[in-house]
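Open the model in a viewer and keep the selection tool at hand. The stops below say what to select next and what is there.

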Amino acid sequence: MAISEEPLDGVPRVYPPRTPTPPCGCDSDPIAALRRLFVDVFQSGALSRGRDPATRPVFLRLHGVAHGRLVVRPGLPADLRVGVFGQQPEYSAWIRFSSDVQPGRPDLKGTVGIGVKLFGVAGEKLLPADREAITQDFVFQNHDVFFVDTARDMCEFTCLSLNGKADDYISQHPITGQILDDMEKVVESALGIPYWSVLPSRFGADRFVKYKLEPESPATGPPVPDYADPFYLRADLHARLRQQEARFRLLLQFQTDPDTMPLDRATVRWSERESVPVHVATLILPRQDLDQRGQAAYGENLSFSPWRSLRDHEPVGSIAEARRVVYEASADNRRNVNGVPVAEPATPRPASWPARRSTAGR
Ligand code: HEM
């Protein structure tokens with residue numbers, strides 16, 4: 001039986017949440033509709049079915065949470081020393097590796113993502129709640145284009161998908177079907193593949209970039225993973241980082257032609273031949289034990305949003321506008337349900353704890 005209640009913000013909520021019928025409000029306010037679909041329906045729907053703890057609605061398959069540091073390349077030319085690339089020589093960082101697969105599905109062929117949180121970044125941030133935060137986030141996935149162009153397209157796709165009619169959308173938008181197929185890659189190791197921000201951001205006052213992370217060297221070490229293990233990416237990531245450090249180059253791809261590199265058509269690839277990404281910093285993950293006490297829980301409770309950012313790196317485009325609203329609502333919802341603070345950390349979690357003293361013989 002549905003239970004309705006009147007929360008403080010005056011919007012009646014119904015549990016379990018009902019999936020709205022198409023067009024789900026996408027024609028009038030796609031951003032509000034996306035918030036409702038992702039947070040009120042999808043995320044809260046899982047909660048009403050008993051999911052505990054509350055999770056992200058997407059990219060909820062955790063592979064591991066690592067500490068590291070981002071080292072800006074010394075001697076960058078002045079025109080690249082913008083925002084975080086012109087402030088500190090290096091930043092401590094916490095990194096969350098995940099896949100966009102729902103519980104019960106294997107890692108294999110899921111989209112892999114990385115959230116990177118830098119600490120010690122001075123200056124006002126764009127999210128009003130985190131204006132004073134010392135953090136700057138970057139979010140990447142292992143495919144360079146998105147499967148829809150705009151927030152309205154994303155809303156229509158999500159609305160139909162939640163109503164079991166994704167194929168109706170795909171038959172009208174074959175490019176979406178093509179990109180969703182291309183995204184189903186077999187990934188050997190989350191440390192051995194490139195990642196892209198997918199969507200553009202400002203770079204200072206009048207330039208636009210996309211970000212890319214690429215492994216500095218191919219992942220070496222443990223043998224080919226056991227693809228039959230539904231959680232093989234976790235096993236691989238933990239094993240590799242227990243053995244050796246990993247490094248990714250952080251690159252900027254500048255928009256050099258507004259026609260071939262649009263800001264609000266996310267299915268359009270920015271050609272890396274037309275604009276070659278430029279190496280500006282290196283993300284270093286030292287050798288570590290990802291099973292260390294509390295480390296995974298720490299990363300799960302963090303929120304990564306491209307809007308937790310200096311204005312110099314402001315995200316652009318209608319999908320970015322939607323993410324500003326949806327990520328904050330999702331992170332607040334899950335953290336409130338789990339009883340953990342919604343605020344940004346004021347200091348990075350220390351990379352390691354003193355070993356427990358033996359009590360033998362006491
Ligand atoms: C309108 C489009 C999008 C919507 C509605 C959306 C929605 C969300 C939501 C609700 C979360 C969880 C936030 C939280 O609870 O902390 C999330 C996380 C994530 N999204 Fe998106 N997303 C969109 C586009 C994208 C794009 C273009 C990328 C490509 C990089 C992306 C990659 C990720 C990744 C990697 C995470 C996990 C970050 C973490 O580790 O916390 N998303 N997304």
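Two residues are in contact here if their C-beta atoms, placed from the backbone, lie within 7 Å. With that cut-off, select Gln 288: leaving aside neighbours within four places in sequence, Gln 288 is in contact with Ala 66, His 67 and Leu 241. Gln 288 sits in the loop between strand 11 (278-285) and helix 6 (295-301).

**Colour by confidence**

This is a predicted model, so colour the chain by pLDDT before going further. The mean pLDDT of the protein chain is 93, and 92% of its residues reach 70 or more. Now select residues 1-6, where pLDDT stays under 50. For this stretch the model has eight contacts beyond four places in sequence.

**The ligand**

The shell holds 29 residues, and Phe 59, Gly 113, Gly 115, Ser 330 and Ala 331 are the closest. Elements that give two or more residues to this shell are helix 1 (30-48), strand 4 (90-99), strand 5 (112-119), strand 6 (135-141), helix 2 (151-162) and helix 7 (318-338). Which of these gives the most? Helix 7 does, with eight residues. Coloured by residue class, the shell divides into 18 nonpolar, seven polar and four charged residues.

**Gly 113**

From the shell, pick Gly 113, which lies in strand 5. Gly 113 counts as buried because it has 22 C-beta neighbours inside 10 Å. Its contacts, leaving aside neighbours within four places in sequence, are Phe 59, Ser 98, Ser 99, Asp 100, Phe 140 and Gln 141. Phe 59 is also among the residues closest to the ligand.

**Helix 1 against helix 2**

Two packed helices are described by the angle between their axes and the distance between the axes. Here the angle is about 35° and the axes are 9 Å apart; the crossing of helix 1 and helix 2 is left-handed. On the helix 1 side, select Pro 30, Ile 31, Ala 33, Leu 34, Leu 37, Val 41 and Phe 42. They meet Ala 151, Arg 152, Met 154, Cys 155, Thr 158, Cys 159 and Leu 162 in helix 2. The residues of this contact divide into twelve nonpolar, one polar and one charged.

**Backbone details**

Select Pro 22 and Pro 23: the peptide bond between them is cis, with omega near 10°. Pro 23 lies in the loop between strand 2 (13-15) and helix 1. Cys 24 is found in that loop too, and its phi is near 60°, a positive value in a residue other than glycine. Cys 24 counts as buried, with 22 C-beta neighbours inside 10 Å.

Go next to Asp 52 and Pro 53, where the peptide bond is cis with omega near 5°. Pro 53 is in the loop between helix 1 and strand 3 (61-72).

The last stop is Val 198, in the loop between strand 7 (195-196) and strand 8 (201-203). Phi of Val 198 is positive, near 75°. Val 198 is buried, with 21 other C-beta atoms within 10 Å.

Methods:
Residues are numbered from 1 along each chain as its sequence is written. This is a predicted model: local features need pLDDT of at least 70, side-chain atom pairs count only at pLDDT 80 or more; totals for chains, interfaces and linings use all residues. A residue is near a molecule or strand if its C-beta atom, placed from the backbone, lies within 6 Å of it. Helices (H or I, at least four residues) and strands (E, at least two) are DSSP runs, numbered from the N terminus. Ala, Val, Leu, Ile, Met, Phe, Trp, Tyr, Cys and Pro count as nonpolar, Asp, Glu, Lys and Arg as charged, and the others, Gly among them, as polar. Axes are lines fitted to C-alpha atoms, for helices over the stretch in contact, and angles run from 0 to 180 degrees between N-to-C directions. A crossing is left-handed if the near helix is turned anticlockwise from the far one by less than a right angle, and right-handed if clockwise. pLDDT is the predictor's confidence in each residue, from 0 to 100. A residue is buried if 20 or more other C-beta atoms lie within 10 Å of its own, exposed if 12 or fewer, and partly exposed in between; C-beta atoms are placed from the backbone.
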